[in-house]
Amino acid sequence: MLRFITWEVVKMLHLRSVRLGLAAAFVLPIIWTLAPGLKQAYGLVLVSGWQVPSLALLAGMEFLYPFLVAMAAAEVLGAEISMGTLKPLLLRPLSRTRFISAKLVAALAYPFLVLATSLLAALLAGLPHGLGGFFGGTGLGAGGFAGVGFLPAGAAFAEVLRAYFYAGLTLLPIAALSLMFTVWFSSTTAAALGAIATVLLMRLLIVFPALKPLLLTTYLDLYLRPGDWVMGLSLLLIYTVGFGLLAVLLFERKDV
Amino acid sequence: MPNGPDGAPNLVVENVSKRYGRKPVLERVSFKLAPGEVYALAGPNGSGKTTLIRLVTGLAFPTSGRVLMLGENIHEGGYAVRRYLGAVVEAPAAFYPYQSGRANLERLAWLSHVENAAERIRDVLFGLELVAVADQPVGSYSLGQRQRLGLAAAILARPKVLVLDEPTSGLDPDGIQKVHEILREQARAGVSVLLSTHHLREVSAYTDRVGILGGGRLIDEVVMEGASERYRLRVSEPGRALAVLQTLPFVEQAQLKGDVVVARGPVDEMVRALVEDGHRVYEVSADYFDLYEYYRERIKHA
């Protein structure tokens with residue numbers, strides 16, 4: 001299974017949308033550090049390179065990263081359909097469950113890949129501002145960008161890593177949802193649009209307070225709210241497993 | 001009943017129907033393929049050939065009926081049943097364009113658990129005359145080369161049932177000849193071959209049976225063996241000669257085509273019977289069965 005998953009990840013890295021997404025994730029933090037309107041938008045003057053990753057995260061998690069994840073997860077299967085390579089694979093003595101599960105794992109790996117790329121670019125972009133200890137905050141821990149005094153480099157790095165990891169987790173349900181829609185619609189575009197529309201719809205549903213704690217969009221900024229991690233991660237896990245299982249079940253009896 | 005030496009057909013399609021919503025695409029299609037038998041599916045566009053191919057290969061699921069491959073249900077028996085199957089279901093066959101033909105086959109050989117994969121891949125590439133381009137990316141292949149690579153992929157795992165949708169589509173005459181040679185070879189080796197085609201004259205030389213699909217139903221099945229045992233008899237008083245032949249028990253079929261009587265049966269006995277009845281027999285020649293003409297007639301009257 002490991003060899004199969006590796007193959008799926010390698011195939012995923014050949015996809016145009018995946019490469020474009022990684023390029024966008026790399027470019028975004030670099031552009032952000034050069035942006036003249038940072039003070040107006042975030043009330044921030046960069047005092048440390050450790051603040052750049054949080055800027056990238058704040059900007060990207062709003063729409064760009066969920067969109068990139070939805071697009072790539074849809075194309076993981078959609079590209080096989082459009083290239084015509086899905087049928088030859090399913091003609092082999094290969095379990096459909098195993099096949100789609102490997103695709104799911106690849107799709108779930110993508111958010112972390114995007115965020116790792118973004119983090120790498122953010123650290124590179126932050127180098128001119130220095131990556132040592134500083135007075136202030138990363139924007140991802142207590143006190144926001146103002147911080148609570150001196151922050152050593154190691155603590156800043158830990159805050160950033162933790163935030164990126166949780167941000168990755170919050171994107172997992174979107175990847176699983178997008179893959180499920182691809183199985184359902186057999187179309188990359190329809191699936192990505194379906195996933196994005198679902199996310200946007202969930203954002204609008206906050207007008208129903210009773211629903212709010214159950215919406216996955218409530219937790220897209222979980223990396224900023226450590227207090228909600230237990231509830232948030234449990235719900236995101238349920239969404240991810242649920243969408244993933246639906247994708248597997250639909251694919252098992254899907255006409256291709 | 002087309003059975004192999006051990007009495008078991010390699011492929012059984014049993015009352016297979018398929019509906020999309022309320023629209024029937026296939027209705028109660030049944031046939032069997034013995035080892036070494038070649039079965040061609042013919043029919044106009046939209047008659048259900050491709051749907052039937054997808055059902056037989058397990059890519060699509062029937063609304064009712066079942067498909068057995070070497071006794072195992074291809075839809076319910078688990079993925080392992082497909083170890084007996086080789087297929088090309090789309091023209092041109094699809095591969096990862098950024099990988100070489102050899103790399104694509106290596107991946108498929110791994111999925112099919114092919115033993116001595118490198119050697120087998122070399123053999124099929126050689127057989128399909130693809131050695132020269134084997135290490136080039138498939139994206140640079142011509143349509144014909146991709147089609148031949150598709151056939152190479154289909155026979156890679158030494159299947160017992162070979163299913164091909166329009167295998168000669170997009171090929172030049174040499175390529176078409178090559179494909180026919182390989183299909184004949186496979187059939188001689190005991191592989192059951194099911195193919196869909198519009199090129200009936202091309203395949204009639206080695207096809208054992210032809211199933212004619214129309215409106216989602218198998219409207220006719222032509223057994224090619226014996227189909228050529230028809231004779232054109234130019235005789236005196238052809239009308240009366242026809243009536244005589246129609247009374248003979250060993251004459252399977254007799255009809256008048258212009259001034260010539262066309263009949264199927266043992267030629268010596270037919271001529272003897274006509275002479276004994278006082279007819280003069282001017283000419284006897286084989287009436288080669290024209291599958292394409294037959295198909296056209298059959299579809300017209302379906």
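In chain A, residues 24 or more positions apart account for 69% of the contacts with a separation of 6 or more. Chain B has its own figure: among contacts between residues at least 6 apart in sequence, 66% join residues at least 24 apart. Keep in mind that this is a predicted model.

**The two chains**

Chain A has 9 helices and 2 strands. Chain B, for its part, has 9 helices and 14 strands.

Here are some overall values for the two chains.

| Property | Chain A | Chain B |
|---|---|---|
| Box along the principal axes (C-alpha atoms) | roughly 60 × 40 × 30 Å | about 75 × 45 × 35 Å |
| Buried residues | 54% of 256 residues | 52% of 302 residues |
| Accessible surface | about 10800 Å² | about 14000 Å² |
| Surface from carbon and sulfur atoms | 74% | 47% |
| Charges | 16 positive and 9 negative | 36 positive and 37 negative |
| Distance between mean positions of the charges | 6 Å | 6 Å |

How does the radius of gyration of chain A agree with that of a compact globule? A compact globule of 256 residues would come out near 18 Å, and chain A has 19 Å, so the two agree.

Now for the inside. In soluble globular proteins, nonpolar side chains tend to be buried together. In this model, the largest nonpolar core has 165 residues, and those with the most contacts inside it are A:Leu57, A:Tyr65 and B:Leu11. Helix 7 of chain A, residues 153-185, gives the most to this core, with 17 residues. Another core lies apart from it and has 14 residues, including B:Ala241, B:Leu245, B:Ala254 and B:Ala273.

What does A:Leu57 touch, once you set aside neighbours within four places in sequence? Its contacts are A:Tyr65, A:Leu115, A:Leu140, A:Ala163, A:Tyr164, A:Ala167 and A:Tyr223.

**Two buried residues in chain A**

Is A:Gln51 buried or exposed? A:Gln51 has a relative accessible area of 1%, so it is buried. You'll find A:Gln51 in the loop between helix 3 (38-42) and helix 4 (52-83) of chain A. Not counting residues up to four places away in sequence, A:Gln51 touches A:Leu44, A:Val45, A:Leu46, A:Phe134, A:Gly137, A:Thr138 and A:Phe145.

A:Ser118 sits in helix 6 of chain A, which covers residues 96-126. The relative accessibility of A:Ser118 is 0%, and therefore A:Ser118 counts as buried. Leaving out residues up to four places away in sequence, A:Ser118 is in touch with A:Ala25, A:Pro29, A:Ala56, A:Tyr65 and A:Tyr164. A:Tyr65 and A:Tyr164 also turn up in the list of contacts for A:Leu57.

**A covered helix in chain B**

Over in chain B, have a look at helix 1, residues 49-56. How many of its 8 residues are buried? The count is 7, so to speak a mostly covered helix. The buried residues of helix 1 of chain B are B:Lys49, B:Thr51, B:Leu52, B:Ile53, B:Arg54, B:Leu55 and B:Val56. Helix 1 of chain B is followed by B:Gly58, whose phi is positive, near 85 degrees.

Methods:
Residues are numbered from 1 along each chain as its sequence is written. Chains are lettered from A and ligands numbered from 1 in the order in which they are written. This is a predicted model: local features need pLDDT of at least 70, side-chain atom pairs count only at pLDDT 80 or more; totals for chains, interfaces and linings use all residues. Side-chain values use heavy atoms; hydrogens and water are left out. Helices (H or I, at least four residues) and strands (E, at least two) are DSSP runs, numbered from the N terminus. The radius of gyration is taken over C-alpha atoms; the globule rule is 2.2 Å times the number of residues to the power 0.38. Buried means under 20% relative accessible area, exposed over 50%, partly exposed in between (1.4 Å probe, protein chains only). Contact means heavy atoms within 4.5 Å. Accessible areas come from the Shrake-Rupley method with a 1.4 Å probe; for residues, only the protein chains shown count as cover. Lys and Arg count as positive and Asp and Glu as negative; His and the chain ends are not counted. The place of a charge is taken as NZ of Lys, CZ of Arg, CG of Asp or CD of Glu. A nonpolar core is a set of buried Ala, Val, Leu, Ile, Met, Phe, Trp, Tyr and Cys residues joined through side-chain atoms within 4.5 Å.
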